[in-house]
Amino acid sequence: MESSAVAELAAHLGHEAGTVCCAIANRYLKDSNTNYKPRVRQLVELALGKMAEL
């Protein structure tokens with residue numbers, strides 16, 4: 001929802017934008033990952049690495 005506004009603004013300014021999300025909770029199963037910080041760090045490192053390849 002929030003990322004669509006960023007993508008739209010970027011498009012109007014002639015830029016490209018993307019969103020990276022880490023699933024922390026599964027509301028359907030009523031389960032969550034309370035130790036999510038290492039996964040978020042991995043995700044950030046992966047996303048930055050992929051952006052560097054562009």
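I looked up L54 and found it in the segment after α2 (37-53). Helices here are DSSP runs of H or I with at least four residues, strands are runs of E with at least two, and both are numbered from the N terminus. The model is a predicted one, in which local features need pLDDT of at least 70 and side-chain atom pairs count only at pLDDT 80 or more, while totals for chains, interfaces and linings use all residues. Residues are numbered from 1 along each chain as its sequence is written, and side-chain values use heavy atoms, with hydrogens and water left out.

I noted L54 as exposed, at a relative accessible area of 88%. Exposed means over 50%, buried under 20%, and partly exposed in between (1.4 Å probe, protein chains only). I then found L54 in a nonpolar surface patch with V44, L48 and M51, together about 470 Å² of accessible area. Patch members have over 30% relative accessible area and no salt bridge; nonpolar side chains (Val, Leu, Ile, Met, Phe, Trp, Tyr) are joined within 5 Å, like charges within 9 Å. Areas come from the Shrake-Rupley method with a 1.4 Å probe, and for residues only the protein chains shown count as cover.

Next I checked salt bridges (a side-chain nitrogen of Lys or Arg within 4 Å of a carboxyl oxygen of Asp or Glu). I counted 1 in the structure. It joins the side chains of R41 and E45, at 3.6 Å from N to O. Both residues lie in helix α2, 4 residues apart, about one turn of the helix. R41 is exposed, with 58% relative accessible area.

For charge overall, I recorded 6 positive and 6 negative side chains, with the centres of the two sets 12 Å apart. Lys and Arg count as positive, Asp and Glu as negative; His and the chain ends are not counted. Each charge is placed at NZ of Lys, CZ of Arg, CG of Asp or CD of Glu.

I turned to the fold and read the pattern α-β-β-α along the sequence. The radius of gyration is 14 Å, well over the 10 Å that the globule rule gives for 54 residues, so the protein is more spread out than a compact globule. That radius is taken over C-alpha atoms, and the rule is 2.2 Å times the number of residues to the power 0.38. The C-alpha trace spans about 40 × 25 × 10 Å along its principal axes. Buried residues make up 4% of the 54.

I looked at S3 in helix α1 (residues 2-12). S3 is partly exposed, at 28% relative accessibility.

Last, I placed K30 in the loop between β1 (25-26) and β2 (31-32). Its phi is near 55°, a positive value in a residue other than glycine. Most residues other than glycine have a negative phi. K30 is exposed, at 78% relative accessibility.
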